[in-house]
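Hi,

Here is the structure I promised to pass on. Have a look at it first, and my notes on what turned up follow below.

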Amino acid sequence: MTSAQQISPARTGTGITAPAISVRDLRQSYGDFEAVRGVSFGVGRGELFALLGTNGAGKTTTIETLEGFRRPTSGEVRVFGTDPFGQPASLRERVDAVLQHSGVFGELTVSETVDLSRDLAANPLDRDTVLRTIGLADRARVAVRQLSGGQKRRLDLGLALLSQPEVLFLDEPTAGMDPEARRATWRVIEDLVAGGVAVLLTTHYLEEAERLADRIAIMHAGEVRVSGRIHEVLTGWGDRIGFRIPDGLRLDDLPDLSGAAAEADIRENEPWVSYVVTGDDTAGRGHRAMAELLDWARHNDVTLQRLELRTASLEDVFLSVAAQDGVAELATA
Ligand SMILES: Nc1ncnc2c1ncn2[C@@H]1O[C@H](COP(=O)(O)OP(=O)(O)OP(=O)(O)O)[C@@H](O)[C@H]1O
């Protein structure tokens, strides 16, 4: 795939500060069941917001409401200040989406599919640019049904970006892609964001969110449990020191480290300890706790195997949210 830089949207960069997408206290029920319970966030132009969460958390319901397929039970959603319900004409040209299930015809070729979408767009990119951007130029004459799952996903992205939208909803856009295609797709998405597009992404690939997102929200059981700038969320979750628990020792035999709580675990069938180091001194806290640990090891003649020090990952945060109810919000969006 080539860079999408040269196809940056024409209708961006107007300096408007109002969020492109805003969601305020959204509630959405299916009959008696409340699937979304008071969700709020905003996404600005040139920003990628990742809406993450456990299965059934309410992400698709939220996005479908923003796409105009559902009317909120209560609360308010706006896209460029307009209620998206029913997909009003004023939004249709400015918004596009890669949905979880694509609606393309298998009998048409890739070129014909792109042309069909171009016919429906007000200001479409030319076909070659689209095919080059999504890396399918050499598959132009192939019937869509003969594409692999990952190639179909790339075509879905191409069909969404050819209308040069200002807001793009991406629901699992890289599902089924190999690692190389996924990275190429990330570069296309990054270029769109750099060109001013507001992107709302849902994904179960946390590495994808970590790479692409400016801000995230993690939903569970209809609520946003954690939200904020990705760096702040990870910093707030603490650093991790881990190692294999030495033979003959138990968790209780290990030292207390400043600002750290120890948890026993099993990793690859071996006893493991993970210290979660928190505290305001985010630059120095991991280093200090590690120095204490190494002092203890030297004085006790203990060798620490597979010793590691790392910052929290999005997976650490996600697993905490998935494991418990009532997780405190770290930072508000
Ligand atoms: N049409 C529907 N009728 C009744 N319940 C629904 C309907 N659609 C979704 N739900 C329920 O609403 C809740 C939220 O579903 P939703 O699809 O929004 O979750 P999600 O976060 O997108 O999940 P996943 O990650 O599994 O795709 C789930 O409990 C689901 O079973």
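A word on terms before the notes: the domain bounds used here come from an automatic or database domain assignment. Also keep in mind that this is a predicted model.

On that basis, the protein has domain 1 (21-94 + 165-233), domain 2 (106-163) and domain 3 (239-311). The centres of domain 1 and domain 2, taken over C-alpha atoms, are 24 Å apart. Their contact involves 14 residues from domain 1 and 11 residues from domain 2. On the domain 1 side, helix 6 (residues 179-194) contributes the most, with 5 residues. That side of domain 1 is made up of 9 nonpolar, 3 polar and 2 charged residues.

Next, helix 5 (residues 149-161). Its 13 residues reach 19 Å from first C-alpha to last, close to the 18 Å expected. Is helix 5 enclosed or open? It is largely enclosed by the rest of the structure, because 11 of its 13 residues are buried. Among the buried ones are Arg-153, Arg-154, Asp-156 and Leu-157. The cover over the buried residues includes helix 3 (110-120), helix 4 (127-133) and helix 6, along with strand 5 (95-98) and strand 6 (167-171).

Finally, the ligand. The residues around it include Tyr-30, Phe-33, Asn-55, Lys-59, Thr-60 and Thr-61. By class, the shell splits into 4 nonpolar, 6 polar and 1 charged. Strand 2 (33-43) and helix 1 (59-66) each supply at least two residues of that shell, and helix 1 has the largest share, with 3 residues.

Cheers

Conventions. Residues numbered from 1 in each chain as written. Predicted model: local features only at pLDDT ≥ 70, side-chain atom pairs only at ≥ 80, totals over all residues. Near = placed C-beta within 6 Å. Helix = DSSP H or I, 4+ residues; strand = E, 2+ residues; numbered from the N terminus. Nonpolar A, V, L, I, M, F, W, Y, C, P; charged D, E, K, R; others polar. Contact = placed C-beta atoms within 7 Å. Expected span 1.5 Å × (residues − 1). Buried ≥ 20, exposed ≤ 12 C-beta atoms within 10 Å, placed from the backbone.
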